[in-house]
Amino acid sequence: MTTVATAAEGTDSPYALSHLDALESEGVHIFREVAGEFENPVILFSGGKDSIVMLHLALKAFAPAAVPFSLLHVDTGHNFPEVLEYRDRTVEKHGLRLHVASVQDYIDRGVLKERADGTRNPLQTLPLTEKIQSERFDAVFGGGRRDEEKARAKERVFSLRDEFSQWDPRRQRPELWNLYNGRHAPGEHVRVFPLSNWTELDVWQYIAREGIELPQIYFAHEREVFARNGMWLTAGEWGGPKDGESVEKRLVRYRTVGDMSCTGAVDSDARTLDAVITEIAASRLTERGATRADDKLSEAAMEDRKREGYF
Amino acid sequence: MSTTTTEALSATTLLRFATAGSVDDGKSTLVGRLLHDSKSVLTDQLEAVERASASRGQEGPDLALLTDGLRAEREQGITIDVAYRYFATPRRRFILADTPGHVQYTRNMVTGASTAELTVILVDARNGVVEQTRRHAAIAALLRVPHAVLAVNKMDLVDYEESVFAAIAEEFTAYATELGVPEVTAIPISALAGDNVVDPSANMDWYGGPTVLEHLETVPVSHDLAHCHARLPVQYVIRPQTAEHPDYRGYAGQIAAGTFRVGEEVTILPSGRTTRIAGIDLLGRPVDVAWTTQSVTVLLEDDIDVSRGDLIVPTKDAPATTQDVEATVCHVADAPLTVGHRVLLKHGTRTVKAIVKDIPSRLTLDDLSLHPHPGQLVANDIGRVKIRTAEPLPVDSYADSRRTGSFILIDPSDGTTLTAGMVGESFAAPEPVKDDPDGDGWDF
């Protein structure tokens, strides 16, 4: 691990922070603002790299005290077992409290219907928003980054949601200096994005610098996959492969972690953090473009889901 | 980007900058060109733009579609709000506040410029310095953005004539200097043809300066902190109350300005109590010295009452506290701000009740003339405001500290962010604005 606050090269000031130190400091500031201003915040935690970095920042922000927030996972029912195992181990290690909102429960109760394409990502919105209401969470941390998608480029760090959890991009509060405005009426909540200004590469560099452990599916491994819509999907009980799709064993890794039905693996032999970083720095595809089917549904897929309350 | 080692990549610095330009100045093209030529647009993003352009019947890819992210923006072909974009070179990381040039330009540019260390102001070489250019320069000066770039665009349409560029650069620099903009770099470009944006132009041998990207990569990002007033707004009190740390009591916050050292005598405002710094934790690691903008936890020698909203400052350099704040503000909400308005004022980590006592003047950005006692400020108006706060606040002049000299006003009824405020004099210039000859206002 490198030292925490090295002066960056290429500047005339010994006080210039490196870009990772600047992003880390800003993220910590955001966590502490929420802790200071809200009654009942929660961190969305999927076991994916962005939420893992969020949790790491929260642990640093309040050390040596415990993180003053609980975690919330929206379980699609089609999660990777390695990721669920990582989730539970992390929760236990840090003595945290985990809430789970289960898509499968909603399907079993007949409240939600399985989609024809088998994708469960859009089905997460209702369990998420109902959990926020029932637990009365007033601030919900998400690992969303503005570099992921162009609707997200417009998202505020503190993003007000109405009592139906809806996002209205035309009625966002201007965000000035680092003076975040967390005011909200009862029933409303604020989505908070401490990684807003991070890019995928920043996240990976920070993981490497801090020595943060990740679920193994982020690194190259042999896996039984089949091709659908130009992506390698993991075969499994969730509904693949279908007729005409054939399973093969390939050396792959994941760039994002989500529902198995719409998160694709990429061909890769990157088994270490350094190899992953080298691969991403050279990649000509964004992580969502490479591995997320749900964002390809329409030009405004992400915006439309965000409006409804998705993260 | 070439494959460099992790260490080399993470040692780069971060530059936040904002763009400003009116509708037809070619701002989207410049942003698109910067992203594209710095190889920050990836294949799938470009394909998406090509697909969308083709479905609209356009022949080539419309690079503006890279930046217009919302459905309504694409449908109407306009940009609604500030968007933040990210790109990197091996030398530096960039956060670009991409501000639209449309009707709501003032509040959007103020929002973008509030966190920027540099502003790129575009002008059309055929039109030269126009009203809009002066507005942009005035906002950059008001927000005290340390560096300004004048990008004289569309040089291809004036035959790459040096004299055209020189005249515009001279006129702009004189105006900006008068406003107190500390540093202006003028660059002749063609965003469409790619001259001097990322690659040096073969069409303008007479220009010996940097390209836009080269300048962005090399402009210094921080100031000499030795001359800054040190300020730490307390965000949160960390008290583990565990067997391992039974007595730990740390005051967490992000250093807003200057440096703090262990052993230094400090004063807590507004209470005025004095103690010494017993220790500084930099996210779990003890350090002897910490500086802006590090997030730290400070331990004090004496067990005194300190809570969120307090400001820790060096005893030898403490600001006065006051309940009467006079500031230049930009009104950002649709409903007007009026005299007698009861509001909340957020300054640092402290939010207090406040009342708008007076609106002495409204500023016309085009010619910097003052409209006395306008009665109210509407969306996008910039004006002088006198505010009485319910509790004393330790405010600095915005000229001395962008972080502890700024505040926002909030509507207590629905939480709307109403107004962005900058304490003290509007411009660094000698006398462009002076609204209070009696001098009963601000005193630092």
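Here are a few friendly points to read alongside the structure, which is a predicted model.

1. The mean pLDDT of chain A is 86, and 88% of its residues score at least 70. Keep an eye, though, on residues 1-10 of chain A, where the pLDDT is below 50. In the model this stretch has 27 contacts beyond near neighbours in sequence, and those contacts rest on positions with a pLDDT below 50.

2. Which elements of chain A mark the two ends of the confidence range? Strand E1 (residues 41-44) of chain A has the highest mean pLDDT, at 98, while helix H8 (residues 287-291) of chain A has the lowest, at 64.

3. Now for the build of chain A. You can look for nine helices and ten strands in chain A. Of the contacts in chain A between residues at least 6 apart in sequence, 72% join residues at least 24 apart.

4. Chain A has 311 residues, and 64% of them are buried. Its accessible surface is about 11500 Å², with 48% of that belonging to carbon and sulfur atoms.

5. Finally, the cavities. What classes of residue make up the lining of the second largest cavity? Seven are polar, three nonpolar and two charged.

Conventions. Residues are numbered from 1 along each chain as its sequence is written. Chains are lettered from A and ligands numbered from 1 in the order in which they are written. This is a predicted model: local features need pLDDT of at least 70, side-chain atom pairs count only at pLDDT 80 or more; totals for chains, interfaces and linings use all residues. Side-chain values use heavy atoms; hydrogens and water are left out. pLDDT is the predictor's confidence in each residue, from 0 to 100. Helices (H or I, at least four residues) and strands (E, at least two) are DSSP runs, numbered from the N terminus. Contact means heavy atoms within 4.5 Å. Ala, Val, Leu, Ile, Met, Phe, Trp, Tyr, Cys and Pro count as nonpolar, Asp, Glu, Lys and Arg as charged, and the others, Gly among them, as polar. Buried means under 20% relative accessible area, exposed over 50%, partly exposed in between (1.4 Å probe, protein chains only). Accessible areas come from the Shrake-Rupley method with a 1.4 Å probe; for residues, only the protein chains shown count as cover.
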